Amino acid sequence: MFYDADALQIIGNWKWGEPLTIKQGFLETKGQDSLVLGIETSCDETAASVVRGGREVLSNIIASQVDLHRLYGGVVPEIASRKHIELIMPVIDLALKEAGASLQNIDAIAVTYGPGLVGALLVGLSAAKAMALALECPLVGINHIEGHIYANFLEYPELEPPLVCLTVSGGHTDLLYIDTFGHYDILGRTRDDAAGEAFDKIARVLGLNYPGGPEIARLARSGDPKAIDFPRGLIQADTYDFSFSGLKTAAINYVHNMEQRGEDLPIADIAASLQAAIVDVLVTKTVAAAKAYGVQTVLLSGGVAANEALRRELSAVANALGMRVYYPSPVLCTDNAAMIACAGYYRYRRGERSPWDLNAAPNLRLGEV
Ligand code: KG4
Ligand code: ZN
């Protein structure tokens with residue numbers, strides 16, 4: 001026996017293996033001011049947040065493990081899982097405390113169940129399930145990428161489909177057409193590295209710290225974006241897909257050649273040229289998609305959406321065509337639980353509930369259940 005049947009009986013009169021009788025509390029949907037507890041542990045941030053009415057962020061606690069993983073030059077999955085286990089309950093406690101709420105006040109629990117690192121996802125998901133079961137409170141599983149998109153709705157509740165959204169993070173580069181809330185047409189995605197991954201991998205070759213994106217953005221400010229003509233993968237191709245592996249190889253070769261010749265690396269120029277190449281491709285494809293779909297509103301989301309050059313360039317090109325561009329504040333671009341609570345609120349209000357056997361889905365894609 002791996003479980004204590006008596007203990008389980010106390011929580012909801014349920015015995016292992018028996019179908020669970022769902023009580024009324026699990027199905028009830030409270031009003032517009034519902035409090036949703038969001039939980040996010042898909043990668044190296046342990047995060048919890050309480051959001052009221054889908055837009056009022058009462059707390060947004062993010063315990064970052066970045067300093068720990070920096071020692072290894074990237075995220076070590078096993079270390080991430082262990083750290084999440086240590087941090088998950090203190091982070092949730094703090095989120096509740098800062099929101100002035102107790103678990104009993106929470107109307108629904110929203111949790112990321114994919115995509116991400118399986119061991120990391122399981123920590124947040126197990127905590128969420130245990131609390132939802134004990135509190136007889138609805139559980140709503142959220143796709144991490146959908147969470148990133150909803151960071152925009154947190155800050156701009158007036159946003160309405162149709163929209164084109166570019167989601168760019170360490171693991172994803174997806175160009176989406178959103179015709180109604182919760183429905184996503186994937187127009188294009190990366191065929192190899194994600195945009196954030198390209199930033200991080202090239203930064204590593206340059207000897208910069210993890211995560212590389214913010215480091216490259218910082219150095220790029222004093223560099224010349226035209227100094228090196230790095231390749232812009234698939235920019236002319238008749239597709240909304242992306243490819244960053246050619247850029248990565250070109251940057252690595254450039255650095256190795258200079259090192260072999262014993263020359264000093266023009267780090268700021270490399271950073272600026274690299275950022276320009278990535279931004280150029282992202283902006284060109286996103287604006288082309290918005291034009292083709294006759295969309296006036298363009299969203300940016302995901303960690304790379306914190307990049308100032310991307311925000312500036314996309315706004316400039318799209319505004320010139322009469323389109324409006326929205327992006328979340330930097331703290332809501334990178335991983336956080338407020339965006340998960342926000343996405344959870346809308347799904348909860350639509351009556352969606354996740355089953356108790358909801359499992360971590362490391363390769364979950366948008367639109368999949
Ligand atoms: O969304 P996120 O926090 O985690 C994932 O879901 O992957 O994104 C992290 C990624 C990293 O690759 C990081 O280098 C990149 O976002 N990033 C940036 C910037 N801030 C974070 N990339 C470019 N410029 C930035 N300012
Ligand atoms: Zn993310």
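Reply:
**The nonpolar core**

The largest nonpolar core has 48 residues. Those with the most contacts inside it are V168, F230, F244, L247, I278, L282 and L310. A nonpolar core is a set of buried Ala, Val, Leu, Ile, Met, Phe, Trp, Tyr and Cys residues joined through side-chain atoms within 4.5 Å. Buried means under 20% relative accessible area, exposed over 50%, and partly exposed in between (1.4 Å probe, protein chains only).

This is a predicted model: local features need pLDDT of at least 70, side-chain atom pairs count only at pLDDT 80 or more, and totals for chains, interfaces and linings use all residues. Residues are numbered from 1 along each chain as its sequence is written, chains are lettered from A and ligands numbered from 1 in the order in which they are written, and side-chain values use heavy atoms, with hydrogens and water left out.

Which elements build this core? Those giving two or more residues include the strands β6 (163-168), β7 (173-180) and β9 (297-301). Among the helices are α7 (195-205), α8 (212-220), α9 (245-260) and α11 (308-320). Helix α10 (267-292) is also on the list. The most comes from α10, with 13 residues. Helices (H or I, at least four residues) and strands (E, at least two) are DSSP runs, numbered from the N terminus.

Now zoom in on F230. Leaving aside residues up to four places away in sequence, F230 touches L247, A250, A251, Y254, I270, S273, L274 and A277. Contact means heavy atoms within 4.5 Å.

There is also a second, separate core of 31 residues. Among its members are I39, V50, V123 and A361.
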